[in-house]
Amino acid sequence: MSTYKLYYFNVRAAAEPIRIIFAQAGVKYEDIRIPMDEEIWGKQYKPNTPFGRVPVLEVDGVKLAGMVNILRYLGAKFGMAGKDDLANAVLGGASDYLSDIAAILSKMFFCTDADEKAKMIAEFQEKTAPQRLGVLQKHVKDGHFNGSQELSWADIHGYGVLDNLTRHFGIKLADYPELQKLYDGVAAQPNIKKWLETRPQTEH
């Protein structure tokens with residue numbers, strides 16, 4: 001049986017979909033939460049990551065980098081991938097688009113100029129989100145991204161991005177019924193529901 005160690009900070013962000021897929025699979029792993037301290041991160045952890053970034057998943061001593069890469073790997077490992085390589089590539093397309101949205105969110109989140117941040121969020125709410133989410137939901141059917149008719153790693157990635165949108169940027173999923181169905185469907189999975197109810201409470 002493989003051993004897993006997940007390295008990330010004590011926030012949800014990019015690591016949460018990975019934590020969720022472990023919860024759904026019922027597989028144990030070590031959830032290593034790095035203190036939000038530049039010295040500790042810079043000296044103890046960063047030099048030991050493949051590319052100087054987290055999340056990193058260590059599997060039997062081998063370190064995997066990149067949230068989407070890790071999700072795709074675990075999806076295949078835990079039976080939450082497309083039925084074949086082609087179907088999984090379709091899921092990968094949705095995941096790449098989700099990553100594009102997440103990059104926009106990250107830029108807004110880390111903006112330190114209050115006025116500029118307010119402008120960015122307003123533009124996102126009025127223009128970017130309707131366009132991006134409108135496109136995204138065209139790739140969802142019956143609560144799942146195209147490529148799988150069952151819960152997939154891409155669905156879990158989608159849940160993470162949509163959760164961020166609703167919690168931090170005022171987006172209402174009721175305006176996007178297919179995305180709402182996907183979001184609710186992931187959250188309703190018994191193992192995931194338990195994780196969401198009992199996970200460590202963090203600000204982000």
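This is a short tour of a predicted model, stop by stop.

**Stop 1: the largest pocket.** Select Tyr 8, Ala 13, Ala 14, Ser 106 and Phe 110. Of the 40 residues lining the largest pocket, these lie nearest its centre. The pocket has a volume of about 1200 Å³.

Now colour the elements around the pocket. β1 (4-9), α1 (16-25), α2 (38-45), α4 (85-109) and α6 (153-168) each give at least two residues to the lining. Which element gives the largest share of the lining? It is α6, with 8 residues. By class, the lining has 23 nonpolar, 9 polar and 8 charged residues.

**Stop 2: α6 against α7.** Show the side chains where they touch. From α6, pick Asp 155, Ile 156, Gly 158, Tyr 159, Leu 162, Asp 163 and Thr 166. From α7, pick Leu 179, Leu 182, Tyr 183, Val 186 and Ala 187. This contact has 8 nonpolar, 2 polar and 2 charged residues.

**Stop 3: a cis bond.** Go to the loop between α2 and β3 (56-59), where Pro 55 sits. The peptide bond from Val 54 to Pro 55 is cis, with omega near 15 degrees.

**Stop 4: two loop aspartates.** Select Asp 60, in the loop between β3 and β4 (62-65). Its phi is positive, near 50 degrees. Asp 60 is partly exposed, at 45% relative accessible area. Then jump to Asp 142, between β5 (140-141) and β6 (144-145). Phi of Asp 142 is also positive, near 55 degrees. Asp 142 is exposed, with a relative accessible area of 54%.

Definitions and conventions:
Residues are numbered from 1 along each chain as its sequence is written. This is a predicted model: local features need pLDDT of at least 70, side-chain atom pairs count only at pLDDT 80 or more; totals for chains, interfaces and linings use all residues. Side-chain values use heavy atoms; hydrogens and water are left out. On a 1 Å grid over the protein atoms alone, a cavity is a set of points where a 1.4 Å probe fits but cannot get out, and a pocket is an open set with protein on both sides within 12 Å along at least five of seven lines; lining residues have an atom within 4 Å of a point. Grid points are joined across faces, edges and corners, and a volume is the space filled by probe spheres set on the points. Helices (H or I, at least four residues) and strands (E, at least two) are DSSP runs, numbered from the N terminus. Ala, Val, Leu, Ile, Met, Phe, Trp, Tyr, Cys and Pro count as nonpolar, Asp, Glu, Lys and Arg as charged, and the others, Gly among them, as polar. Contact means heavy atoms within 4.5 Å. Buried means under 20% relative accessible area, exposed over 50%, partly exposed in between (1.4 Å probe, protein chains only).
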